2 protein chains.
Amino acid sequence: MKAKKKYVYYFSDGRTDGRGDMKDLLGGKGAGLAEMTRLGIPVPPGFTITTEACIEFFNKKKHYPKGLWEDALTALKRVERAMKLKFGDPKNPLLVSVRSGAKASMPGMMDTVLNLGLNDETVLGLIKKSGNERFSYDAYRRFVSMFGSVVMGVDRLKFDRAFEEKKVALGIHSDTDLSGEVLRDLVSIFKKIILNETGEVFPEDPFDQLRLGIDAVFDSWFGKRAITYRKLNNIPETWGTAVNIVAMVYGNLGEDSGTGVAFTRDPSTGKKRFFGEFLFNAQGEDVVAGIRTPLRIEALRKRLPSAYKDLLAVYKKLERHYKDMLDIEFTIQEGTLYMLQTRVGKRTAAAAIRIAVDLVNERIINRQTALLRIDPQQLDQLLHPMIDPNATFNVIATGLPASPGAAIGKVVFTAEEAEQMAERHEKVILVRAETSPEDIGGMDAAQGIVTARGGMTSHAAVVARGMGKCCVAGCGAISIDEDARLFRVGDLTVKAGEEISLNGSTGEVILGRVDLVQPEMSASFKKLMGWADQSRKLKVRTNADTPRDARVARGFGAEGIGLCRTEHMFFEADRIKAVREMILADTEAERRKALLKILPMQKEDFIGIFGEMKAFPVTIRLLDPPLHEFLPQTDGELADLSGSMGVSVEVLREKNKSLHEFNPMLGHRGCRLGITYPEIYEMQVQAIFEAVCELSKKGKKVVPEVMIPLVGHVNELSRIKALCVQTAKAVMVRYKKKVSYTIGTMIELPRAALVADQIAEEAEFFSFGTNDLTQTAFGLSRDDAGRFLPDYVDKGVLPQDPFVAIDQEGVGLLMQIGVEKGRSTRPRLKIGICGEHGGEPSSVEFCHRIGLNYVSCSPYRVPIARLAAAQAAVREKIEKREKKKKGH
Amino acid sequence: MKAKKKYVYYFSDGRTDGRGDMKDLLGGKGAGLAEMTRLGIPVPPGFTITTEACIEFFNKKKHYPKGLWEDALTALKRVERAMKLKFGDPKNPLLVSVRSGAKASMPGMMDTVLNLGLNDETVLGLIKKSGNERFSYDAYRRFVSMFGSVVMGVDRLKFDRAFEEKKVALGIHSDTDLSGEVLRDLVSIFKKIILNETGEVFPEDPFDQLRLGIDAVFDSWFGKRAITYRKLNNIPETWGTAVNIVAMVYGNLGEDSGTGVAFTRDPSTGKKRFFGEFLFNAQGEDVVAGIRTPLRIEALRKRLPSAYKDLLAVYKKLERHYKDMLDIEFTIQEGTLYMLQTRVGKRTAAAAIRIAVDLVNERIINRQTALLRIDPQQLDQLLHPMIDPNATFNVIATGLPASPGAAIGKVVFTAEEAEQMAERHEKVILVRAETSPEDIGGMDAAQGIVTARGGMTSHAAVVARGMGKCCVAGCGAISIDEDARLFRVGDLTVKAGEEISLNGSTGEVILGRVDLVQPEMSASFKKLMGWADQSRKLKVRTNADTPRDARVARGFGAEGIGLCRTEHMFFEADRIKAVREMILADTEAERRKALLKILPMQKEDFIGIFGEMKAFPVTIRLLDPPLHEFLPQTDGELADLSGSMGVSVEVLREKNKSLHEFNPMLGHRGCRLGITYPEIYEMQVQAIFEAVCELSKKGKKVVPEVMIPLVGHVNELSRIKALCVQTAKAVMVRYKKKVSYTIGTMIELPRAALVADQIAEEAEFFSFGTNDLTQTAFGLSRDDAGRFLPDYVDKGVLPQDPFVAIDQEGVGLLMQIGVEKGRSTRPRLKIGICGEHGGEPSSVEFCHRIGLNYVSCSPYRVPIARLAAAQAAVREKIEKREKKKKGH
């Protein structure tokens, strides 16, 4: 026979059925209450109804599973005995609070109902016991309105309005001036409201109240807000919520009573100091409501020294027990401390790091645990200049927080203008409907970028993140009139040259200047990152196209360049002309002539980048985008180009037309260009190896890796590899210098992953281009997905945006196949990733798990990747240890 | 010790080292000579140098492998003994022919050299032996010119010109009037030409001649033409070529000599009759050169009855032995028959079928063998109206043979005009730069389509093949001036209304009318297809969007519709307006209003198609293309639409702009539309089930299968499936009719294949959309690939166009994964294919091998698919049998 399921977990005074590690079953709150009780910390008696009971409630079409109600009543009896009170007893009534509590803290869940058990009879007992009629009726009217709104679904405003009306009628301003009699009157008014609104009578029977309260908590699990929150936070609906029923203690029984919240350390800086707030003579909801200004926790020391001493002892005990900074709630009733809640406290990134490092120094946790304590994403906060949190400012519009940090500058509307003003050392913000590769120069010159269109993965967003530059994307509220050189937001007009500020971490566009503060890398940060570097197996490289990016990334600890895009260099003012000549060339000879002009410039680029990266490897990707990206499209630009090139506008138009592609993403780009126009790749490889040889002659160590993009068939690679080898050889012979190098490929097409065994016979390294791999695996254009992808994520069709975190079951499976097959023919194949995902923690962990050698990400994400890589390694170690344990 | 390799295989008079099944080693020709010798058929003595020797020759940098030359000389000695002649003997010289012979017949290979062994001395021996000076010197001058051109690389024209000059100088018109003396004179003139052109002396030593001849055959394996041919026909260069050295016999020794070629059955009709041509007193090259008109083979019967009798006996013996129709070459020297070659004869599709069926009836082969004898692709010839092969016509341009068949009609330049003229029962040819989905109506109305741009897989090509309509695509030579309503080809101008004809099987565009002949399905064809249907396991369905297509496909044996695209219906004149209203709608309510207008039309479509397909399953795919495809793009069209819809051109432009996509292939289409605008799919499903219920009420059996396109994540499918089920249920309740149906999905994205286990939990069937799967797996847009894909295939970067035949190692692997994973969660999952590949034989075989249930292809390819499916099943059976044999 199956043992009867245990649905109710009792706790009181050191006796408890539950434990702190039973969060799945008891919810976070219930587990905390049980654990505190186990630790001998004073917690009012109570019991928790399990999440399993909740799930069965829904499985049974909202009927309680067998035994639940009976067990709850038994537990209630034990609470009665512990409190020496009786639930529903008119003379000596036990009151309870009813609160929801899921495994994770969920703001969408049910509000607390306090003082449950009150009715017209028991209130008299409360008066007798407290000797305070006003307090008792205040508790009663609070209960009726809470129950009415939270449990019975009446709009809370109805009660508030009746309350205000009463005050107006009596000419009373302050709530505390309402007498017990008036409050009693309000109780019956509130009950009438409930009857009118719901057609149901307010339940006088405390057991009915209890049952309805439990039902309400259960039901709130499928409330609209809860559903939305779960979707947003990937919480499965199968978790269910627990219900906590706890004997009431009162912080509002006089000046030796009160209620408070505290953090065991400073949640903003992480400093080791007890940090909290307290209200005398108040109930929990008063602290949260913010009607009265709470005192600093230290106020307790003087006025209730014994309780304060108890509190200090409790928080220290708890922190030592939980080994983390905690967020606690407590009530003091007539000088006696009762703990109501404990949980791990939320904190800023800076605080998180300091706390973790301090806890290691205090020998409370080890380094591995410290590493796991930090959310790598949070580090972003620490790396960009930020808006002074103490400043006040005028937010005129909010877009997507596309690239964090802050920026201040004068509004410009074209990339050209941005560059010109930057040359005059003016700080500018580039405001565009959307950006294109031609805007690169201007984006680089600007302090920050705002676009009216485009999402988190739009060109502007991606490039800005790559540059570590602040960007607000898709700010639909602004409407740009480029001709009039202004933009509008509602009635407001902002002209070119006016100053605005951006907060790329929140998406805010701000009129005028705001003060910025430069983040500092704290000692704790450096220490933690040092531990991270010791723990991780994955190398961390950066995606950098310029010596400047390379320098920034080195500062953040990058161990090489995983992706240096050669095409961004093509857009610079002095070379785009030669590039266009090359594209307009009709013959190979003409093309070679134009390429000869580009060669020395590319060489200089490579010398600069190799120089910055010292002896770290630099992976240079040969030309990738389709050629039409380098030609202007608008009439004006075409006319300009026509003038400067001495070619008719018609010819240019014809060329544009002939280069037009229906699906450029799937078009004539990547190595396909190298097959059609080998002379382009030849020039690039020549430039790389001339740079390499020149540096090498100066005694500098250089580690070049030539990367061929968009390979789908091994024949593409073998053909281009032969060209590269031949070209490199010729340069090295000419310089009389032998330098070792490798040639590898991007794996960014599903086919490449599927035939990776063949490709690895030619490729000396792989780099997963997960941006394109995601686009092709999903058949989803990043540029076009904005129209439906956000909707997909909102509606839960996709669990997350696959351009943000690697879709492990689809794209990730392709990667696994690629790794496995690649190493089947070349066992020591070096494999990395250079898509946007290389700096996203869950993706970094995935890369670790499938055995990649390195990740590469934009400079500002390098620390994030370092930490995420360390966490992945630590987690794996722990898993292995646990497996081993189980094995024995 | 390793046994010495055998490089030389001798054959003569029943004694032979080789066999007919040694084609790999001896080449086709050598194996045939060996086999005929084994059968006791008279073949002149000779020997074959193996393909292995050729390969080693190249491995050893053009040096003979050890022992080759010695073995060749030993074999030559045996030939001398058999012929009672001596190579290089001035009195009694042996002459030989030297010919290349690879495993497969290769037109790019070396020409024959006859009469090798002649020089100024041996020619005297030949004169003595033949008693014919003229014959001898004629043989000598032929040999010198052949050797000079074929072996020594002199332009053959040089010899021809010298020959003509001599004739002019002597005032002689006919070759046969040249005396022996003059011919001797020509021999020394030819030798001088060789010396002048090559700087080398003509080798008088017969052994030098032999060695150079063998070298020349080997070298021809890497000749330019051979390389090109190998690439085009996927022949690996590792095969190498064999060299055949055979004692000369002479058909030009008088009127009791001669030479001929024959087929054992009629190669054009397949009729069982000996079919050949013969020239008295001639050498082989005379037959091929076509200078003298050969006689029908029957001429032999009277003039050389004994040789003729021998020939009949030989051909019958050979046909019985090879069990196939053969192509033979022979020479009769002074009344004695010598066979020089035998191989399986080339034949038309009609002949192939008739021969195969006849051979079964004659109990020479079994049905399985008969099925394997037919190249399925060839069937195409039999299904379309064809240009009368006997007609003469004026080809003005040649494009790609995009869709076979023939068509005649008046030139029109717009789809609209095509439709208008078709309504007046005029036959038209639609000539466009390229076609778009809006042209569908016009394409349907036209007899045939010509496009100036686009490849074999362009819109025009694909749609035309789907319609079974003749199409010439990418005809770059024509330049269209739509405004002037004419096109130009060079100097020629063709105006609208002029008649042209198309040959879609050759790509020819013809000025004026040509006569067409309608193909007939012969009795043999029907018989063969019957056997095919009994053998195959794969079902064969068709892709059909209209009742007309469905009817045609049923006629060709389709067993259901595998893909009915609902969007093609949207383009028809009467409904495109409602579709556009739907697209322009700003609210769901407006959209629903427009959809209500489309509903009854879609229902009628479905009633028509279900009606045609009787009780066969019909798979209807819900709307797939992005909405912008339904809006006009040009200013003129926009103005028209603006007028008819009462919406300003600006609004329409704005809508176009807002719907514009960078990569429409990867954009807002397929089920993504169904997620964003569920009301569209709802309408379509309603239309399907109203049609189903109405037919069902009339007692007709209907098997509807609803197919959701472009699913990448199971959530997309589950969401839309729920909508479909709900909608279908509502209709069935309304009609009080319960009909069974299934809901499935396309697998056309790599991700879908990779997570097929999840998708199969929702999908009741899969249909591989290999067009899109190829595009996404390769990252290759079919619309844009034209700029480089042909080049890729030419250069051998890709072995074949992956849009023609399934790329088995990449796309195919995805399919395998999809099948395996799909059936892991739904073991009886029905799986088909509905991409263009469903009618391509190697792809059909692949589908069979990976366990698909059906293929679906355009109506005109149904018989091809039926045969290919049968061949796949037969081959599998044979393989299994052979494996079993090996196992024992």
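This is a predicted model: local features need pLDDT of at least 70, side-chain atom pairs count only at pLDDT 80 or more; totals for chains, interfaces and linings use all residues.

Reply: Residues are numbered from 1 along each chain as its sequence is written, chains are lettered from A and ligands numbered from 1 in the order in which they are written, and side-chain values use heavy atoms, leaving out hydrogens and water.

Me: Why is Leu780(B) called buried?

Reply: Buried means under 20% relative accessible area, exposed over 50%, and partly exposed in between (1.4 Å probe, protein chains only). Leu780(B) has a relative accessible area of 3%, and is therefore buried. Its contacts (heavy atoms within 4.5 Å), leaving aside neighbours within four places in sequence, include Leu666(A), Arg672(A) and Phe803(B).

Me: What makes Gln209(B) count as buried?

Reply: The relative accessibility of Gln209(B) is 0%, so Gln209(B) counts as buried. Gln209(B) lies in helix H8 (residues 206–220) of chain B; helices (H or I, at least four residues) and strands (E, at least two) are DSSP runs, numbered from the N terminus.

Me: Why are H5(A) and H7(A) called roughly parallel?

Reply: Angles under 35 degrees count as roughly parallel, over 145 as roughly antiparallel, 65 to 115 as roughly perpendicular and the rest as oblique. Axes are lines fitted to C-alpha atoms, for helices over the stretch in contact, with angles from 0 to 180 degrees between N-to-C directions. H5(A) and H7(A) pack at an angle of about 15°, and are therefore roughly parallel to each other.
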